[in-house]
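Dear colleague,

I am handing over the structure below, and my notes on it follow.

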Amino acid sequence: KLAHWDAPSDIINACANQYRIDKWADQPYRVECWIEKDALVGVIEGVCNELDIPYFSCRGYTSQSEMWSAAMRLKAHRKGEQTPLILHLGDHDPSGKDMTRDITDRLSEFSGGEIEVRRLALNMPQVTQYNPPPNPAKITDSRAEGYIAEFGNESWELDALEPAVITALIRDEVMAVRDAAKRLGYSHRD
């Protein structure tokens with residue numbers, strides 16, 4: 001719908017509230033957070049906004065058009081001398097594991113170069129550490145045979161991790177690649 005305001009001062013306040021400094025403009029990396037499930041967007045939204053990184057719900061396997069758009073955006077960052085980095089969070093099951101590979105392959109193909117995709121969660125060390133409840137591996141999944149050969153008959157859902165764990169994983173990974181001297185777009189020389 002079209003935006004409406006009760007007074008001219010309301011539109012000015014709305015503009016002022018939208019003012020943001022791009023905290024990543026001067027950084028060596030350009031980070032995005034992608035999550036498998038739409039239901040978990042609310043878990044990552046706060047930390048991603050706090051860290052000024054875009055976030056995206058893949059809703060399973062990402063569509064071709066969405067993947068192409070992302071590749072063009074990331075390609076532009078690469079041309080701007082920044083290293084694009086996708087943090088991917090998904091279930092530890094046959095399809096969830098394969099989605100990280102799919103994202104990596106298609107982003108690289110569409111962008112004409114490698115795009116780094118880090119599978120942030122759910123990984124076996126996290127399964128061991130946090131002990132989420134297991135589910136049977138989905139044997140009807142076409143990727144089940146390879147998954148079961150590598151990981152056994154159990155799978156785990158990202159949703160089973162505490163929201164605080166998920167946000168800490170994102171925060172820690174982002175802070176590890178952010179240059180603190182350039183945090184607000186100002187170099188330490190400014």
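Is Tyr-147 buried or exposed? Tyr-147 is buried, with a relative accessible area of 4%, where buried means under 20% relative accessible area, exposed over 50% and partly exposed in between, using a 1.4 Å probe and protein chains only.

This is a predicted model, in which local features need pLDDT of at least 70 and side-chain atom pairs count only at pLDDT 80 or more, while totals for chains, interfaces and linings use all residues. Residues are numbered from 1 along each chain as its sequence is written, and side-chain values use heavy atoms, with hydrogens and water left out.

The structure holds two aromatic pairs (rings of Phe, Tyr and Trp, the last by its six-membered ring, with centres within 6.5 Å; planes under 30 degrees apart are stacked, over 60 edge-to-face, and the rest tilted). Trp-34 and Phe-56 are edge-to-face, at 5.1 Å centre to centre and 65° between the planes. Because Trp-34 lies in strand β1 (residues 29–35) and Phe-56 in strand β2 (residues 55–57), this pair ties together parts 22 residues apart in sequence; helices (H or I, at least four residues) and strands (E, at least two) are DSSP runs numbered from the N terminus. The rings of Tyr-147 and Phe-151, with centres 5.0 Å apart and planes at 45°, form a tilted pair, and these residues are four apart in helix α6 (residues 144–151), about one helical turn.

As for the backbone, a cis peptide bond with omega about -5° joins Ala-121 and Leu-122. Phi is positive at Asp-52, near 60°, and at Arg-59, near 55°; Asp-52 is partly exposed at 25% relative accessibility, whereas Arg-59 is exposed at 59%.

Best regards
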